[in-house]
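Thanks for coming. I will talk through one structure, taking the aromatic rings and then the pocket.

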Amino acid sequence: MNSLLQINKKLIILVFVVLIFIISFTIIIKQNSFTNKVSIDQSISLTYDIIDPKFTINNNNKKISITANEGNFIDKNKVLLKNNVTFKSQKFEIQSSEVFFDKKKETAFSEKKSKFFSNNTTINSKGFEIKNKGDTLFFNGKTKITLKK
């Protein structure tokens, strides 16, 4: 008989075990590299400088309290407030998702959807601006005013 046609069973089993080992090792390495990528992406998305920042605008007539879930310092006096940003005084409340606040000038503005609430008035706008330490309030973009009786 031809010697090439004779198959050694031990050799076949050894080759089969080596192939299973290589495939298993490759799968484990790929799973570990995928897990590392996910953890890096999650850490990048959670970058902020301040957790639950609180500020106040003070003037002679009123006090406006400012709160948010997170914030980032832009420079020494300017802060970008994010997630559930609220400006609240005795007479009104403004809610937005993102607001730029200047601590020194005590001014603020937003280009995101904003909601203003007062006694019988609701204003939905595309943004707002607070000037003169809270004495002047502008609403920007498409604005809807609802007056209740």
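Start with two phenylalanines: Phe55 is buried, and Phe101 is buried as well. Keep in mind that this is a predicted model.

Now the rings themselves. A pair of aromatic rings is described by how far apart the centres are and by the angle of the planes. For Phe55 and Phe101 the centres are 5.2 Å apart and the planes stand at 40°, so this pair is tilted. Phe55 belongs to strand S2, residues 54-58, and Phe101 to strand S6, so the pair ties together parts that are 46 residues apart in sequence.

The next pair is Phe116 with Phe139. Their ring centres are 5.5 Å apart with the planes at 75°, so the pair is edge-to-face. This pair also links distant parts of the chain: Phe116 sits in strand S8, residues 114-118, and Phe139 in strand S11, residues 136-140, 23 residues apart.

Are these two buried or partly exposed? Phe116 has a relative accessible area of 10%, and because buried means under 20%, Phe116 is buried. Phe139 comes out at 27% and is partly exposed. Together with Phe92, Phe116 and Phe139 form one aromatic cluster. The count of aromatic pairs is six.

The largest pocket has a volume of about 150 Å³. It is lined by 13 residues, and the closest to its centre are Lys78, Phe100, Asp102, Thr107 and Phe109. Which strands each supply at least two residues of this lining? They are S5 (78-88), S6 (92-102), S7 (107-110) and S10 (127-131). By type, the lining of the largest pocket has seven nonpolar residues, one polar and five charged.

Key: Residues are numbered from 1 along each chain as its sequence is written. This is a predicted model: local features need pLDDT of at least 70, side-chain atom pairs count only at pLDDT 80 or more; totals for chains, interfaces and linings use all residues. Side-chain values use heavy atoms; hydrogens and water are left out. On a 1 Å grid over the protein atoms alone, a cavity is a set of points where a 1.4 Å probe fits but cannot get out, and a pocket is an open set with protein on both sides within 12 Å along at least five of seven lines; lining residues have an atom within 4 Å of a point. Grid points are joined across faces, edges and corners, and a volume is the space filled by probe spheres set on the points. Helices (H or I, at least four residues) and strands (E, at least two) are DSSP runs, numbered from the N terminus. Ala, Val, Leu, Ile, Met, Phe, Trp, Tyr, Cys and Pro count as nonpolar, Asp, Glu, Lys and Arg as charged, and the others, Gly among them, as polar. Rings of Phe, Tyr and Trp (its six-membered ring) pair if their centres lie within 6.5 Å; planes under 30 degrees apart count as stacked, over 60 as edge-to-face and the rest as tilted. Buried means under 20% relative accessible area, exposed over 50%, partly exposed in between (1.4 Å probe, protein chains only).
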